[in-house]
Amino acid sequence: HWSFLPVRPARIAQLLASEAPPEEGGLDPEARQQLSHAASSWDAVAAAFRAKEHRPIETKNSRTGQTFQKWAVFAPLQSKQPGSEAGTCEMVKLGMPMDTEDD
């Protein structure tokens with residue numbers, strides 16, 4: 001599945017370094033803009049993954065009401081909202097809850 005493909009920052013830099021026009025295999029302007037944004041954000045993304053935390057959570061079957069203890073991964077999301085304190089962040093859940101901490 002495409003969502004499990006690795007991100008290679010060095011490859012993004014190589015693509016951005018190419019000046020070839022789209023008709024010669026280069027990037028179209030929208031793709032260049034998206035890759036530029038990804039490249040400039042990569043340090044923040046990598047820092048968030050390094051700061052991730054595994055936490056126990058409780059999930060609930062909406063049909064039966066039965067509760068389960070699972071594990072989830074949380075990472076800090078730096079706030080850039082107007083009026084928010086500089087350096088404040090909230091923790092956001094990444095992916096689906098797992099049965100064990102090691103999953």
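**The sheet and its surroundings**

Analyst: Leu94 counts as partly exposed, because its relative accessibility is 30%, and partly exposed covers the range between buried, under 20%, and exposed, over 50%. The model discussed here is a predicted one. Leu94 lies in strand E3, and together with Val45 and Phe49 this leucine forms a nonpolar patch on the surface. The accessible area of Val45, Phe49 and Leu94 together is about 230 Å².

Strand E3, which spans residues 89–98, is one of the edge strands of the sheet. The sheet itself is open and consists of three strands in the order E1-E2-E3, with antiparallel pairing. The other edge strand is E1, residues 53–60, and each of these edge strands pairs on one side only. On average, neighbouring strands of the sheet are turned by 45° against each other, with direction ignored. As a general point, the side chains of a regular strand alternate between the two faces of the sheet.

The pairing of E1 with E2 can be followed residue by residue. Strand E2 comprises residues 67–78, and eight bridges join E1 to this strand in an antiparallel arrangement. Arg55 has Ala72 in E2 as its bridge partner, while Lys60 stands opposite Thr67 in E2. The hairpin of E1 and E2 has six residues between the strands. In this hairpin, Gly65 adopts a positive phi near 80°.

The chain contains two helices and three strands. Read from the N terminus, the elements follow the order α-α-β-β-β, and the strands pair in the sheet order E1-E2-E3.

Several values for the whole chain complete the picture. The chain has 103 residues, of which 13% count as buried. Its accessible surface amounts to about 8,500 Å², and carbon and sulfur atoms account for 55% of that surface. Among contacts between residues at least 6 apart in sequence, 25% join residues at least 24 apart.

How values were computed. Residues numbered from 1 in each chain as written. Predicted model: local features only at pLDDT ≥ 70, side-chain atom pairs only at ≥ 80, totals over all residues. Heavy atoms only, no water. Pairing = 2+ DSSP bridges. Helix = DSSP H or I, 4+ residues; strand = E, 2+ residues; numbered from the N terminus. Axes fitted to C-alpha atoms, helices over the stretch in contact; angles between N-to-C directions. Patch = residues over 30% accessible without salt bridge, like charges linked within 9 Å, V, L, I, M, F, W, Y side chains within 5 Å. Areas by Shrake-Rupley, 256 points an atom, 1.4 Å probe, with all protein chains shown as cover. Salt bridge = Lys/Arg side-chain N within 4 Å of Asp/Glu carboxyl O. Buried < 20%, exposed > 50% of the residue type's maximum accessible area, 1.4 Å probe, protein only. Contact = heavy atoms within 4.5 Å.
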